[in-house]
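Have the viewer ready, and let's walk through it together.

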Amino acid sequence: MSVGCWDTIAAYAFRSLGYGERLLPREGFTLCEHFTLIGSGLIWNVYFGVLALIFGFFLATAVALGKATANPLIRKPCEWFVFVFRGSPLFIQFFFAYQLFVLLPRDGIEIFGITAETRWLTRAWAGALIVLFLNTAAYSAEIFYGALQSVPRGDMEAAEAYGLTGWNKFRRITWPTMLRLAWPAYTNEAIFLFHATTLVYFSGFPAWQQSGDALYYANYFADKTFNPFVAYPIVAFYFILLTLTVIGLFSIINKRLNQHLPGERKRIRYRPQLIR
Amino acid sequence: MFEWCADPDTLEGFAWVACYLTNGKHLTAYMSFGTVMLLLAITAPVSLAFGFAGATAARSPVAPLRWLGKGYTAIVRGVPDIVFFLFFVIALDQGFEWMRHQVLCPDWTEPIRQGSDFVVCPAAKLPLSNAPQAVHEVYGFFLAVLTFAIVFGAFAANILFGAMRAVPRAQMETAEAYGMSHRQAFWRVLIPQMWIFALPGLSNLWMILVKATPLLFLLGVEDIVYWARELGGSKGPIFDYPHPDWSLWYFSALLVFYLGLTRVSEVVLGRITRKLSHGQATVAGEALRG
């Protein structure tokens, strides 16, 4: 690595967060600049993916349980939530949410005498995160719901025989079993979600001061150089690394979920899907 | 559209809405729903064909062909599809122009890539610079369809490859025992039986394809997303039908359109699954016998 490349890294490594050199490279476009800026953009993909996944996990569990209850007042809203977010394209959801957030009054909303700021919702870091959170919650809820339906009856009967009821039974038996059954599919959903984060800056949410994600910068380079054969393979490379990391982390959890079952430590098979 | 729409300023209430929704731009926008349907109608069979070719190649006893097939099914793993969309739409365009350049202008000496420019001889340009607007639009749509077909073909190849392997081995052995050649066993035994195994995957792929159609907008086609943005934006008094920013309503209409499309697909695919399960030695097939 040449000395010049270290300078580029110093200038652009955190460009996507607004630190470092203000102006993006305008000509020349070295390979080093490609790698640094696109890598810098990847910070946003990781940010969106990790936070949406963590928040989405809890909502998904709640919605899956809601879908499985007999009470239609709870079941119906949960079913509709899943249907709306799984039945429509994420791309349109982004556009829709952005327009919705833009329409909120600029000065904020008065709630009990306190003005709630609404401007930040139109920014990608918050607005797009909310959409991704709800979207992944809906997809994961469907996965968890399916797993919940296939929890073995014998497990539940055994739990009852031990005197476990209510929250205790759920916490110790139902929930871990559900997670164990859902985990391979949930791993795919996680990978899928990280891929979906590339849509954010192409769907209404503006990139402020040219701070965008990995694909945003790749697109910038491809537009400027009119050469798609460098920038896009670099994004692909970064995403393969990201995908492998996700698979690695999720298999560690998978091992833990299955550790009480001898010979059941199946490897997670990654079955790719595309756009939601 | 209606003759009483001649002077929009005098219209009120329902009449205004009726005239607004049937003005020229809106009628063009309604056509773009047709663009989406056309894309689905062309892409689905073409990517199925790509997938079939890919899966067959991946099973081939000829090593280079097998690598080609395996490579094709592997490219879409781990990389966001939208990267492929953005990549292929330029790469295909430049590829076509480059090939035409090699054939049509063999005497051209200047380099094709000059800094940030991609320069081919005028005769190799696609479409030709003097072509009418419609040709440009058709070419853009063609590139989009091809891009969709390549990406979705890779996924279909994955599914069909798995389905071909899921057909019980005994079926093929029986075919060989009857003296069928390799080719005969493939076409008469393997292919007819693989569909039921491929159907869940293909149904899923169809749903994903439906939900991927708004990405046409990113490929530069004037699709429904383009029109929703165009028509929804606020219109000042200089327009015949001034209104504030109505984007939200246009995007809700798109949302409803897609929800309807996926719902109809679900119902239809459910029926096909039922039909194909008849007479199969599977749980679903057994259930239908009772």
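Predicted model: local features only at pLDDT ≥ 70, side-chain atom pairs only at ≥ 80, totals over all residues.

F35(A) sits in helix α2 of chain A; helices here are DSSP runs of H or I with at least four residues, strands are runs of E with at least two, and both are numbered from the N terminus. Two elements of chain A give two or more residues to the patch: α2 (31-68) and α9 (228-257). The largest share, 4 residues, comes from α9(A).

Stepping back, chain A has 9 helices and 2 strands, in the order α-α-α-α-β-β-α-α-α-α-α from the N terminus on. Its C-alpha trace spans about 70 × 55 × 30 Å along the principal axes.

How many salt bridges are there over all chains? The count comes to 8, where a side-chain nitrogen of Lys or Arg must lie within 4 Å of a carboxyl oxygen of Asp or Glu. One of them pairs E142(A) with K67(A), the closest N and O atoms being 2.9 Å apart. E142(A) lies in helix α5 (residues 124-149) of chain A and K67(A) in helix α2 of chain A, so this pair ties together parts 75 residues apart in sequence.

Now for the interface between chain B and chain A.

| Item | Value |
|---|---|
| Residues of chain B in contact with chain A (heavy atoms within 4.5 Å) | 42 residues |
| Residues of chain A in contact with chain B | 39 residues |
| Salt bridges between chain B and chain A | 0 salt bridges |
| Polar contacts between chain B and chain A, both residues at pLDDT 80 or more | 4 residue pairs |

A polar contact is a pair of N or O atoms within 3.5 Å; within protein, one must be able to donate a hydrogen and the other to accept it, and residues adjacent in sequence count only if both atoms are side-chain atoms. The buried area is about 3,900 Å², with carbon and sulfur atoms giving 76%; this is the accessible area (1.4 Å probe) that the two parts lose on being put together, summed over both. In chain B, K211(B), L248(B) and L255(B) lose the most area to chain A, together 16% of what that side buries.

Residues are numbered from 1 along each chain as its sequence is written, and chains are lettered from A and ligands numbered from 1 in the order in which they are written. Local features need pLDDT of at least 70 and side-chain atom pairs count only at pLDDT 80 or more, while totals for chains, interfaces and linings use all residues; side-chain values use heavy atoms, leaving out hydrogens and water.
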